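Biologist: I would like to know what stands behind each label before I repeat it. Can we go through them one at a time?

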Amino acid sequence: MKKCGKWVLLALTLLWCAVIWQFSLSPASESSATSGEVLVFCNDVLEKAGTSFRLTSHTVRKLAHFTEFFVLGVLSFAAALAHGLRLPYLLSASLVLLVATVDETVQRFVPGRGPAVRDVLLDLTGGIAGAAFLWLLYILVKETYKKRKKTQKSS
């Protein structure tokens, strides 16, 4: 990867950590209001799609945790790969665990919020899923490239 690209990936990873922590600094009332808006939007989309399924506030909040950390897993794994680091999946999982732990610890000091070990585990699951997704995509693209190159040589 070009020199600039790997630093952009690192910067995006760090920026995403800041975004996650910014969400954690929101008081409970503000966080609930945001979740409520997302809930209404998602349920409107589901209704227009003709489904009878509806999300709950709890589900939206847990999906938000998973999604935030899925993105962190993708970004951190991509940055580790781009920098040529060994064991990128382990580095990515370690960063996700650190960010999740800090995230929940910060919430201890925010009005109306508190830390939850379950959320750290959910965050870690999301981060590992994101890294695994990118890892599988990376392997797929790499193998496809090898096959194309092999086919071109034999032609």
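Biologist: Why does tyrosine 89 count as partly exposed?

Modeller: The relative accessibility of tyrosine 89 is 39%. Buried means under 20% relative accessible area, exposed means over 50%, and partly exposed is what lies in between (1.4 Å probe, protein chains only). The value of 39% falls in between, so tyrosine 89 is partly exposed. Note that the model is predicted: local features need pLDDT of at least 70 and side-chain atom pairs pLDDT 80 or more, while totals for chains, interfaces and linings use all residues. Residues are numbered from 1 along each chain as its sequence is written, and side-chain values use heavy atoms, with hydrogens and water left out.

Biologist: How many aromatic pairs are there, and what makes phenylalanine 70 and phenylalanine 133 a tilted one?

Modeller: A search of the whole structure gives three aromatic pairs. Rings of Phe, Tyr and Trp (its six-membered ring) pair if their centres lie within 6.5 Å; planes under 30 degrees apart are stacked, over 60 edge-to-face, and the rest tilted. For phenylalanine 70 and phenylalanine 133 the centres are 5.9 Å apart, and the planes are at 45°, hence a tilted pair. Phenylalanine 70 is in helix 3 and phenylalanine 133 in helix 5, so this pair ties together parts 63 residues apart in sequence. Helices here are DSSP runs (H or I, at least four residues), numbered from the N terminus.

Biologist: Why is the pair of tyrosine 89 and tryptophan 135 called stacked?

Modeller: The ring centres of tyrosine 89 and tryptophan 135 are 5.0 Å apart and the planes are at 25°, so the pair is stacked. Tyrosine 89 lies in helix 4 and tryptophan 135 in helix 5, so parts 46 residues apart in sequence are tied together. Tryptophan 135, at 38% relative accessibility, is partly exposed.

Biologist: Which residues form an aromatic cluster?

Modeller: Phe66, Phe70 and Phe133 form one cluster. Phenylalanine 70 has a relative accessible area of 26% and is partly exposed; phenylalanine 133, at 46%, is partly exposed too.

Biologist: How do you know how far helix 4 reaches, and which of its residues are buried?

Modeller: Helix 4 (residues 88-107) has 20 residues and reaches 29 Å from its first C-alpha to its last, close to the 28 Å expected at 1.5 Å a residue. The expected span is 1.5 Å times one less than the number of residues. The buried residues of helix 4 are Pro88, Ser92, Val96, Val99, Ala100, Asp103, Glu104 and Gln107. They cover an arc of only 130° around the axis, which puts them on the same side of helix 4; the arc is that of the directions from the axis to the C-beta atoms. Their packing partners are helix 1 (3-24), helix 3 (57-82) and helix 5 (117-154).

Biologist: What span should helix 5 have, and what span does it have?

Modeller: The 38 residues of helix 5 should span 56 Å, and the end C-alpha atoms are 55 Å apart, which agrees. Its buried residues include Asp119, Val120, Gly126 and Leu134, and the buried residues of helix 5 pack against helix 3 and helix 4.

Biologist: What makes up the largest nonpolar core?

Modeller: The core has eight residues: Cys17, Ile20, Phe69, Leu72, Val96, Val99, Ala100 and Val120. A nonpolar core is a set of buried Ala, Val, Leu, Ile, Met, Phe, Trp, Tyr and Cys residues joined through side-chain atoms within 4.5 Å. Helix 1, helix 3 and helix 4 each supply at least two residues of this core, and helix 4 gives the most, with three. Apart from neighbours within four places in sequence, alanine 100 is in contact (heavy atoms within 4.5 Å) with Phe69, Val120 and Asp123.

Biologist: Why does serine 31 count as buried?

Modeller: Serine 31 has 12% relative accessibility, under the limit for buried, so the label holds. Serine 31 is in helix 2 (residues 28-48). Leaving out residues up to four places away in sequence, serine 31 touches Ser26, Arg61 and Arg113.
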